[in-house]
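Here is a short report on one protein structure. Look at the sequence and the model first, then read on.

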Amino acid sequence: MESTKEIQQLKSRLKDLAERSYRQNLYCFSGFLSLGEQDQFWSMERELHYCSSQLWGGYEQAERKVVRFGSAEELGYEEDYPIVCIHITPLQAKFADALSHRDFLGALMNLGIERSTLGDIRVGEKEAYLYCLSGMAEYICEHLDKVRHTSVKCVPVAESADVPQEEPRELVVQLPSLRIDACLAKVYNRSRGEILEAFQSGRVYVDGRLCENNSRQLKGGETINLRGYGKFVFTGEQRETRKGKLSVKVLLYQ
């Protein structure tokens with residue numbers, strides 16, 4: 001978040017959604033939240049305890065997520081998240097540019113689309129899968145026809161099973177302890193000083209919550225994001241080496 005005003009606006013919006021869901025007995029959804037915005041949501045956990053809530057971004061390990069207020073237990077029915085996946089491909093693959101996440105996001109922003117309506121953009125070789133709010137899907141499919149110099153077509157994905165799974169790379173690292181800063185330094189081959197600076201500048205998140213404690217002990221199943229580098233899941237699998245270090249396995253997503 002960039003300013004106190006923006007933080008307060010976000011918190012007010014989330015509070016209104018929770019109250020509306022609770023009072024009217026219906027599901028209410030936020031837009032897509034960044035990691036920083038998710039951390040603000042988690043800071044309201046006690047304040048919003050009266051209304052059930054869950055986060056989902058359209059697929060496992062999504063970074064940007066939508067908050068859904070309400071639950072089947074409370075409301076007596078289930079309602080899906082208003083999230084659609086769009087497959088973006090070049091009209092002529094052999095003439096297509098090598099396109100980056102920034103290229104796809106820039107093309108979408110040039111359409112005047114609000115960032116909160118867009119989730120993750122998973123970029124492959126000359127293609128991308130875009131997660132967005134269902135209310136924006138038709139507009140994007142009609143108007144997004146070029147990314148940089150490459151003409152593209154956009155087609156909603158009918159079934160989630162049709163979207164390729166994000167395959168992590170298994171990585172085994174040796175650590176003196178399960179401190180999060182030690183693990184980050186090893187996984188991303190950074191100095192401890194660089195990792196400490198990342199904590200101080202608010203770029204480390206654990207399961208969507210800002211982590212400011214660089215000596216925090218990792219727990220199995222946690223997802224750690226280092227903004228600008230990627231994320232990994234700490235599996236919890238570990239063994240002690242002959243030299244007394246811990247050999248641990250992480251699942252690395254780039």
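What follows covers a sheet, a helix and some salt bridges.

This is a predicted model, in which local features need pLDDT of at least 70 and side-chain atom pairs count only at pLDDT 80 or more, while totals for chains, interfaces and linings use all residues. Residues are numbered from 1 along each chain as its sequence is written, and side-chain values use heavy atoms, with hydrogens and water left out.

**The sheet**

Helices (H or I, at least four residues) and strands (E, at least two) are DSSP runs, numbered from the N terminus. Two strands pair if DSSP finds at least two bridges between them. Six strands form an open sheet in the order β9-β14-β13-β12-β10-β11, with antiparallel pairing. β9 (169-175) and β11 (209-210) stand at the edges, each with a single partner strand, so one side of each has no neighbour in the sheet. Seven bridges join β9 to β14 (residues 246-253) in the antiparallel sense. Glu170 has Leu251 in β14 as its bridge partner.

**The helix**

Buried means under 20% relative accessible area, exposed over 50%, and partly exposed in between (1.4 Å probe, protein chains only). Helix α6 (residues 180-187) is largely enclosed by the rest of the structure, because seven of its eight residues are buried. Among the buried residues are Ile180, Cys183 and Val187. Contact means heavy atoms within 4.5 Å. The cover over the buried residues of α6 includes β9, α7 (192-200) and β14. After α6 comes Asn189, with a positive phi near 55 degrees.

**The salt bridges**

A salt bridge is a side-chain nitrogen of Lys or Arg within 4 Å of a carboxyl oxygen of Asp or Glu. The whole structure holds 12 salt bridges. Three of them are listed here.

| Pair | N to O distance |
|---|---|
| Lys15 and Glu47 | 3.9 Å |
| Glu78 and Arg68 | 2.8 Å |
| Glu170 and Lys249 | 3.7 Å |

Which strands hold Glu170 and Lys249? Glu170 lies in β9 and Lys249 in β14, so the pair ties together parts 79 residues apart in sequence. Glu170 is exposed, at 54% relative accessible area. Lys249 counts as buried, at 18%. Glu170 and Lys249 also belong to a network of salt bridges with Glu237.

Lys15 is partly exposed, with a relative accessible area of 35%. Glu47 is partly exposed too, at 41%. In the remaining pair of the table, Arg68 counts as buried, at 7% relative accessibility.
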